[in-house]
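Please take a moment to look over the sequence and the model below before reading on.

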Amino acid sequence: MRKILFGSTALLCLTVAAVSAQQATPVRKTVVRDPAFTAMQAERGHQTYDASCSGCHLPGLDGSGNPTANARGAPLVGPRFVQDFGEAKVSDLFNKMKRDMPASKPGSLTDQQYLDIAAYVLQQNKFPTGQAELTVDSATDVWVPGAGGAEGLVDYTYVSGVGCLQRDPSGSWLLVKAQELKKADVTATAAAPAATTDASGEYTFRLLNAYNFAPEPHNGQRTRVSGYLVRLGADIRVNVQALQTAGASCSN
Amino acid sequence: MTFRLSRRQMIEAIGGGIGVVGMAGMWSDLLGADLGAASPGHYKGPKLPAKAKHVIMLYLNGGPSQIDMFDPKPALFKYAGQRPNAVDLRTERTTGGLFPSPFEYKRYGRGGVEVSELLPQLGSVIDDVTVIRSMYTFNPTHTPGRAMFHTGSILATRPSMGSWVTYGLGTENQNLPSFVALGSAPPSGPQTRSGFLPSEFQGIGFGVSDPDPEKIIPNLRNKTLDPASQRTDLDVLLAMNQNQERTFGEDQFLEGRIKSMETAYRMQFEAMDLFDIRKEPQNIRDEYGPTAFGTGCLLARRLVEAGVRYVNVEYPGGQSWDDHSNINNNLRKRCVDMDQAAAALIRDLKRRGKLDETLVVWGGEFGRTPVSESGTGRDHNPYGFTMFVAGGGFKGGIAYGATDEFGFKAEQNRVSMHDLHATLLNQLGMDHTKLTYKYAGRDFRLTDVQGEIVRDILA
């Protein structure tokens, strides 16, 4: 799910968090879908991009992520874009471009050209177009969404979700092909048996502290993970409190 | 005034005094051939079985966050934003509720030591590392904290551990300073201070932000005088200084300056090559990384191999690790090169058979709080924090001690800075209670009147 975030709704979350903390603790902004640039602006950006950026980032914006090209620029589409700019303001993207790009002559384009390129990059990442152009001012209010999978939930919410438990080559425990995380009852989850399900989802969550819950028997199995939600950049993570078998092996 | 036959007096006696300084220079060079190799130290206590001969102190100025790097505390999630009584401790600044670390921990090595995702390279060498999770000190402010870390006292007058170690053990190579401090700018203060110890034991600071040795040691190479002419000049200066002492009495600060000039003269012949890390194979330079900290760590290895006794490597940028705000993003950026270079140093020393005789110590003046500051940062925490030691007869592959369930206070097997200093001196073959210097009418120690050797972490 792709969404543009607006800072105004973050105020609500901050207010909620203040109830439980003597001082503000990091919280997630509530997400709101809304267009932030026009199709015409993206088209102008396309032309400027082709002239000034595509040499390093490639015409398809896949940059160094393209295994057949020897590109110097980072990918500007797909997971890498979410990793680099997820949970950041669009103005961060604009400012980075203005400060560092083009690599051969940083800052050599006009503000309008940088904004147009930002609009084009957002369009290529499937963000919706609208009736108003992206401006220097509006870019500071618009957020690039993260990876998704826990919309509307603030950090440290107790959540639960089902997916395939998997250990990656680096030793990290992940919940892959997972459904969206839902708020859960911290007292009920550990005791109740997990409902079995074969449904699979599109999300991946990194699991913290999983090694303290004997995860090996669940490796490759559909598993319900319960724990506390926390975000790091675009990553959504769960500090594990319980692992429960929730269906057949993922290979089935 | 005490009588002793100094090297200069010997030169003068043989050469006939200031009128024949050219001859004196010749004798000086001949004597230098003996003196250049090593110089004994002043430690008079029982000779303990020394495991190590050198120390490399990796200093993370500002107070690195133990909770995000070496001390996992999953309980923080359950109480996120809350402030239970157990964490209601006085801090330097106003703090809020408990602030969980978002970083993933993994178990590394034969002991399954938990290390954060911020430090994968250090995780890979954890079997050579002893993580001490129960360090504590008592001052929450940087300047006295730094002094405590390096000198064992919060006072801004006491000698650095590097000075104590070189005072006790002497040097292995008189062509080089015995105590060196590296940083993006030449470090000073408690990192190099000799205090009341003779000034020849002062640490010499070098800035390593540019690996060009001409930039690290500017003006070392004399572009106008050849070595023989410099020697003649220096001998004239030596004779004048000697005359000064003969007239006005022995002056340890003048002695220190004389020895510094001698060392600087001798460094010309060895230091330029030694300080040039560009002479290292590219794969080794790549292993350490192209940053100032990488340069510092690689240079530290070269220096201890050449006989330098104590090298302090400060992470560049001043109080870099003082993360009062935006700590998660800052750590993700800053840990990359620190992790790479620190791990490369341990790996490289081991590969070259030098880790057993070198103590690699890592840490800062305190840690950081498990409660938040400003919502995105952590305040100073002297109550409990993490340091690590590698090589030099430490067990490796273990995590020693523990903080409370939130990572605020050291609770199990608490280790003070004096305890750590005592343990490090023990590994260098010195009884910390016997490494003393008489000043102002009494004996002083690095460990003051405290310090217990932490034997549980020794191999």
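Why does Leu58(A) count as buried? The model is a predicted one, and in it Leu58(A) has 20 C-beta neighbours inside 10 Å; because a residue is called buried when 20 or more other C-beta atoms lie within that distance, Leu58(A) falls into the buried class.

Lys177(A) belongs to strand E4 (residues 173-178) of chain A, and with 17 other C-beta atoms within 10 Å it is partly exposed. Another backbone detail of chain A is the peptide bond from Met101(A) to Pro102(A), which is cis, with omega near -10°; Pro102(A) is placed in the loop between helix H5 (90-100) and helix H6 (111-124) of chain A.

These details can be set against chain A as a whole, which contains seven helices and eight strands. Of the 252 residues in chain A, 41% are buried, and among the contacts in chain A with a separation of 6 or more, 67% are between residues 24 or more positions apart.

Chain B can be approached through its domains. Chain B is divided into domain 1 (1-35 + 225-274) and domain 2 (48-217 + 282-457), and the C-alpha centres of domain 1 of chain B and domain 2 of chain B lie 37 Å apart. The contact between them takes 14 residues from domain 1 of chain B and 13 residues from domain 2 of chain B. On the side of domain 1 of chain B that touches domain 2 of chain B, the largest share, 13 residues, comes from helix H10 (residues 252-274) of chain B, and by class this side has seven nonpolar, three polar and four charged residues.

A further feature of chain B is a pair of strands. Strand E9 (residues 367-373) of chain B is mostly covered, with seven of its seven residues buried, and four bridges join E9(B) to strand E10 (residues 377-381) of chain B in an antiparallel arrangement. Within this pairing Glu373(B) stands opposite Gly377(B) in E10(B). E9(B) and E10(B) form a hairpin with three residues between them, and in the turn Ser374(B) has a positive phi of about 60°.

Note on methods. Residues are numbered from 1 along each chain as its sequence is written. Chains are lettered from A and ligands numbered from 1 in the order in which they are written. This is a predicted model: local features need pLDDT of at least 70, side-chain atom pairs count only at pLDDT 80 or more; totals for chains, interfaces and linings use all residues. Domain bounds come from an automatic or database domain assignment. Two residues are in contact if their C-beta atoms, placed from the backbone, lie within 7 Å. Helices (H or I, at least four residues) and strands (E, at least two) are DSSP runs, numbered from the N terminus. Ala, Val, Leu, Ile, Met, Phe, Trp, Tyr, Cys and Pro count as nonpolar, Asp, Glu, Lys and Arg as charged, and the others, Gly among them, as polar. A residue is buried if 20 or more other C-beta atoms lie within 10 Å of its own, exposed if 12 or fewer, and partly exposed in between; C-beta atoms are placed from the backbone. Two strands pair if DSSP finds at least two bridges between them.
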